Amino acid sequence: TPPEMQTVVPTAEQEKAEWQYTTQLPAQGWFKVDFDDSAWKKGPAGFGTAQTPGAIIGTEWNAKDIWLRRTVEIADGKLTAPQLRIHHDEDAEVYINGIRVAKLRGYTAEYEEVELAGAAAKALKAGKNTLAVHCRQTQGGQYIDVGIVTPKK
């Protein structure tokens, strides 16, 4: 049986946290910590369209691409086996503090965990962290939401 997980950064399953987002191709370096996203729109998680299986819509997203950014506070930077908790429809890339930690193809019909190993796990630190996400719509439903979990001690 999988271990019981503790939420580090919640998804829309727990709270509709606010993200900065755009559906227009952003400037280079959009995923870096020091990128200025102040002109981007703000909206609550998750992002997508109604009727997408497993989606919890906070902000409607019906364009081909979406880019998301959010700063989160992590009390303990030494998390045991941190994982993304993600629901993506379709292709998604996730960055933590400017480092790409996941490139996911296809879609999920529900939230799933994706292990962060090696450099990806080390990208998280105590204090402020920047999550940046790009999701591309190709067909059917569309949805993106991302959080971070770790096994309970």
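Tutor: Strand 2 (residues 18–22) pairs with strand 3 in the antiparallel sense, over four bridges. Strands here are DSSP runs of E, at least two residues long and numbered from the N terminus, and two of them pair if DSSP finds at least two bridges between them. Within this pairing, Glu 18 has Pro 44 of strand 3 as its bridge partner. The model is a predicted one, in which local features need pLDDT of at least 70 and side-chain atom pairs count only at pLDDT 80 or more, while totals for chains, interfaces and linings use all residues. Residues are numbered from 1 along each chain as its sequence is written, and side-chain values use heavy atoms, with hydrogens and water left out.

Both strands belong to an open sheet of six strands, with antiparallel pairing and the order 3-2-6-11-8-9. Its edges are strand 3 (41–44) and strand 9 (99–104), each of which pairs on one side only. From one strand to the next the twist averages 25°, taken from axes that are lines fitted to C-alpha atoms, with angles from 0 to 180 degrees between N-to-C directions.

The loop between strand 2 and strand 3 holds Phe 31, and strand 8 holds Tyr 95. The ring centres of Phe 31 and Tyr 95 are 4.5 Å apart and their planes lie at 15°, so this pair is stacked. Rings of Phe, Tyr and Trp (its six-membered ring) pair if their centres lie within 6.5 Å; planes under 30 degrees apart count as stacked, over 60 as edge-to-face and the rest as tilted. Because of where Phe 31 and Tyr 95 lie, their pair ties together parts that are 64 residues apart in sequence. Phe 31 also pairs with Trp 30, edge-to-face, at 5.7 Å centre to centre and 90° between the planes.

A nonpolar core is a set of buried Ala, Val, Leu, Ile, Met, Phe, Trp, Tyr and Cys residues joined through side-chain atoms within 4.5 Å. The largest such core has 34 residues, of which Phe 47, Leu 84 and Ile 144 touch the most other members. Apart from it lies another core of six residues, among them Trp 30, Trp 40, Tyr 95 and Ala 132.

Methods. Buried means under 20% relative accessible area, exposed over 50%, partly exposed in between (1.4 Å probe, protein chains only).
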